Amino acid sequence: MSHRNFRKLALGAAALAMLAPLAAPVAQVGGGTVQAISAKDKQEGAKAHPQLLAEFGGALTGPQATYVETIGKNVAVHSGLSNARGDFTVSLLNSSVNNAFAVPGGYIYTTRQLVALMNNEAELAGVLGHEVWHVVARHSNKRQSAATKNTVIGAGLAILSGVLLGNSQVGQVLQQGFLQGSQLLTLKYSRSQETEADNGGILLLRKAGYDPRAMSTVLQNLANQNALDAQLMGTNDRVPAWASTHPDPASRVKAALAQAGAGAKGVTNRDTFLARINGLTYGDDPKQGVVEGRKFIHPDLKLAFEAPAGFYLMNGSDAVTIGGQSGKGQFATGQFNGDLDAYIRAAFAGLTSQGQAAIDPGTIARTTVNGVPAAYGTARVNNGSSQVDVTVFAYQFDANTAYHFLTVVQAGGADVFTPMYQSLRRITVAEAVAVKPRKLVVVTVKKGDTVASLAGRMAYADAQQQRFQVLNGLAAGSTLAVGQKVKLVTY
């Protein structure tokens with residue numbers, strides 16, 4: 001959650017505008033017809049670009065971003081969309097979410113978190129090539145109908161769908177409200193389209209001289225990260241990540257390896273890749289707040305809160321999502337003119353779409369939480385065959401600033417979030433200064449180093465060895481060789 005005020009992106013309309021038919025075919029790649037980048041594509045891509053950057057924490061600059069840009073362009077020019085490197089814009093995003101995507105017009109994106117999960121340059125090229133191939137194959141055009149129905153919110157539905165919200169109309173509206181700021185406003189493709197993009201990425205790896213087996217290994221990395229994240233969150237929910245946006249990564253690993261060929265050859269540039277990403281910020285950027293287990297602290301906004309036991313937090317550029325089996329929620333902010341009652345009613349109003357009856361919380365109650373003026377309201381809403389309680393709990397930090405929790409539980413279960421509402425507090429200057437970013441550091445294995453000893457240097461209080469293994473693509477029981485380079489996460 002950044003220091004900027006919350007705003008609702010017009011990304012859905014912009015992305016849908018890019019689903020217009022592409023230009024006439026200009027080349028044959030891998031036996032398929034490729035569409036050139038048209039002037040209309042470039043115009044629509046340029047319109048959506050700043051919105052996408054804002055949703056994902058902005059674009060990084062410097063040597064690491066330049067390196068990712070170079071690799072992305074090297075792969076993209078083999079796609080047949082254009083042979084001019086300048087026709088592609090490749091952005092390294094300041095986001096702690098594992099994600100990558102591309103949009104028509106030559107715009108390609110990957111987050112720093114996803115790059116940190118990779119272990120060589122070929123894997124980076126494979127992920128970027130996969131996303132480029134979605135554009136090559138016109139998948140966004142083919143998914144236009146589904147995208148219109150889903151407001152281009154992609155797999156983020158997995159975070160908030162299920163027994164609490166279901167597929168009812170109110171459930172869909174609430175899901176869309178929660179997903180603002182989740183950093184998951186990307187298009188969900190079909191299983192067959194994902195397979196086609198995997199194969200297209202493998203083709204681009206071959207054409208660029210990389211080992212095409214890298215597509216299989218990066219998919220395995222993502223599957224392992226998915227499983228670890230689910231374990232750490234204590235949930236069976238799909239983890240909101242690139243791997244879960246693209247269905248069932250584990251089942252695609254063998255298919256990608258078979259497509260590449262077990263005896264395939266090509267460069268991986270592992271040492272170069274590790275040297276170039278050394279020092280990359282890992283996890284949350286303190287400027288956007290930091291999640292530590294169930295706790296969230298924001299040094300710029302000078303606030304902190306804690307989710308109840310059994311819940312997990314996911315930080316986004318503009319919101320913190322709260323997930324659990326018995327409820328879902330979001331911590332956010334909005335326009336505030338000094339009237340908490342009006343602020344709360346506006347938050348409820350934002351949950352109804354045009355033509356729907358407004359959700360009325362009735363009486364707004366006043367209170368004080370840790371010295372901060374607060375107010376809250378709850379509304380019971382029909383959700384298909386059941387009912388849910390929707391609560392907005394708001395806090396006035398100063399004359400022009402307010403924050404709020406928006407939560408949904410099954411009817412009668414609203415008390416589950418009471419400890420969280422009561423935990424929000426201002427933090428001291430000392431607490432704010434103490435929040436430090438985590439960094440990815442590449443080290444060389446020395447004599448006597450083991451998986452356990454190096455994992456002990458990871459900047460986490462839990463699952464150090466599992467985090468180290470997943471980060472480095474190591475299977476359980478793997479050993480290290482002297483001189484081998486590995487990644488650590490340190491402060």
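Q: Why does Lys42 count as partly exposed?
A: The relative accessibility of Lys42 is 35%. Buried means under 20% relative accessible area, exposed means over 50%, and partly exposed lies in between (1.4 Å probe, protein chains only). Lys42 therefore counts as partly exposed. This is a predicted model, in which local features need pLDDT of at least 70 and side-chain atom pairs count only at pLDDT 80 or more, while totals for chains, interfaces and linings use all residues. Residues are numbered from 1 along each chain as its sequence is written, and side-chain values use heavy atoms, with hydrogens and water left out.

Q: Where is Lys42 found, and with which residues is Lys42 in contact?
A: Lys42 belongs to helix H2 (residues 39-55); helices (H or I, at least four residues) and strands (E, at least two) are DSSP runs, numbered from the N terminus. Beyond its neighbours within four places in sequence, Lys42 is in contact with Ile37, Asp87, Gly105 and Tyr107, where contact means heavy atoms within 4.5 Å. Pro104 is 62 residues from Lys42 in sequence, and their C-alpha atoms are 7.1 Å apart in space.

Q: What makes Val489 count as buried or exposed?
A: Val489 has 0% relative accessibility and so counts as buried. Val489 is part of strand E19 (residues 485-490). Leaving aside neighbours within four places in sequence, its contacts include Tyr282, Arg438, Leu440, Met458 and Leu471.

Q: How do you know that the buried residues of H15 line one face of the helix?
A: The buried residues in helix H15 (residues 340-349) are Leu340, Tyr343, Ile344, Ala347 and Phe348. Seen down the axis of H15, they fall within an arc of 140 degrees, so they line one face of the helix. The arc is that of the directions from the helix axis to the C-beta atoms. An α-helix has 3.6 residues a turn, so residues three or four places apart point the same way.

Q: Which strands do the buried residues of H15 pack against?
A: They pack against strands E12 (327-333), E13 (365-369), E14 (372-383), E15 (386-398) and E16 (401-410). At the start of H15, a side-chain oxygen of Asp339 comes to within 3.0 Å of the backbone nitrogen of Asp341.

Q: Why is H5 called roughly perpendicular to H11?
A: The axes of helix H5 (residues 121-136) and helix H11 (residues 214-233) come within 8 Å and cross at roughly 85 degrees. That makes H5 roughly perpendicular to H11, because angles of 65 to 115 degrees count as roughly perpendicular, under 35 as roughly parallel, over 145 as roughly antiparallel and the rest as oblique. On H5, the contact is made by Ala122, Glu123, Gly126, Val127 and His130; on H11, by Ala214, Met215, Thr217, Val218 and Asn221.

Q: What makes Lys302 partly exposed?
A: Lys302 has a relative accessible area of 35%, so Lys302 is partly exposed. Lys302 lies in the loop between strand E8 (295-298) and strand E9 (303-306). Although not a glycine, Lys302 has a positive phi of about 60 degrees. Ala463, also not a glycine, has a positive phi of about 50 degrees and sits in the loop between helix H18 (451-455) and helix H19 (464-471).

Q: How many helices and strands does the protein have, and what share of its residues counts as buried?
A: The protein has 19 helices and 19 strands. Of its 491 residues, 57% count as buried.

Methods
A polar contact is a pair of N or O atoms within 3.5 Å; within protein, one must be able to donate a hydrogen and the other to accept it, and residues adjacent in sequence count only if both atoms are side-chain atoms. Axes are lines fitted to C-alpha atoms, for helices over the stretch in contact, and angles run from 0 to 180 degrees between N-to-C directions.
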